[in-house]
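Hi,

Here is the structure I promised to pass on to you. Have a look at it first, and then read my notes below.

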Amino acid sequence: MDIFLLIISGLLMLLGILGSFLPVLPGPLTSWVGLLVLHLTDALPMNWTFLIITLIVAIAIWLLDYVIPAMGTKRFGGSKAGMIGTTIGLIIGLIFLGPFGIIIGPFFGALIGELINKSEFDKAVKAAFGSFLGFLASTFMKFIVSMIFTGFFIYKVIKYSDGFV
């Protein structure tokens, strides 16, 4: 049973990393669930303090994921249309351009959203840039936390590898 839980936990870690880039998956929260599943095995001692602290971090990052793009958009004079365009651009960019779409999709999505909302091109570009910067900062933050959680996972698996055999 421990090996099964280890595999599920590892898959959740990978999903958490992917969720850092995909708006449909909460990256750090998914990685945290992977840590929880790992700690449910008999091979690892349960450390509630560790799990609670990492849960608090995951929830904080999840909340900041909504605040940071909005701050970037507002700072550069953007609107809600730019934020919505960023998300739609990311999804369309990923579908049609693959990993490269993660970079250009959000910017062009924000630009189109702002152009629909505003009439002046230069203001729309500035707002799209702000929305894009907010998106990048938020994505980077989620990715780093998911990678740290994955590092914890790898460390725990290596440290207690004798228990999984």
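Helix 6 gives the largest share of the lining of the largest pocket, with five residues. Helices here are DSSP runs of H or I with at least four residues, strands are runs of E with at least two, and both are numbered from the N terminus. A pocket is found on a 1 Å grid over the protein atoms alone, as an open set of points where a 1.4 Å probe fits, with protein on both sides within 12 Å along at least five of seven lines; lining residues have an atom within 4 Å of a point.

Before going on, please note that this is a predicted model, in which local features need pLDDT of at least 70 and side-chain atom pairs count only at pLDDT 80 or more, while totals for chains, interfaces and linings use all residues. Residues are numbered from 1 along each chain as its sequence is written, and side-chain values use heavy atoms, with hydrogens and water left out.

Back to the pocket. Its space comes to about 400 Å³, a volume being what is filled by probe spheres set on the grid points, which are joined across faces, edges and corners. Among its 21 lining residues, P23, D65, Y66, P69 and T87 are the closest to the centre. Helix 3 (48–75), helix 4 and helix 6 each supply at least two residues of that lining. By class, the lining has 12 nonpolar, seven polar and two charged residues (Ala, Val, Leu, Ile, Met, Phe, Trp, Tyr, Cys and Pro count as nonpolar, Asp, Glu, Lys and Arg as charged, and the others, Gly among them, as polar).

As for the chain, it has six helices and zero strands. Its C-alpha atoms fill a box of roughly 65 × 30 × 15 Å along the principal axes.

Two helix pairs are worth a look. Helix 1 (residues 2–19) packs against helix 6 (residues 121–159) at about 160 degrees, with the axes 8 Å apart (axes are lines fitted to C-alpha atoms over the stretch in contact, and angles run from 0 to 180 degrees between N-to-C directions). Helix 1 is therefore roughly antiparallel to helix 6, a term for angles over 145 degrees.

Helix 4 (residues 80–97) and helix 5 (residues 101–117) pack at about 140 degrees, with axes 6 Å apart.

Best wishes

Definitions and conventions
Angles under 35 degrees count as roughly parallel, over 145 as roughly antiparallel, 65 to 115 as roughly perpendicular and the rest as oblique.
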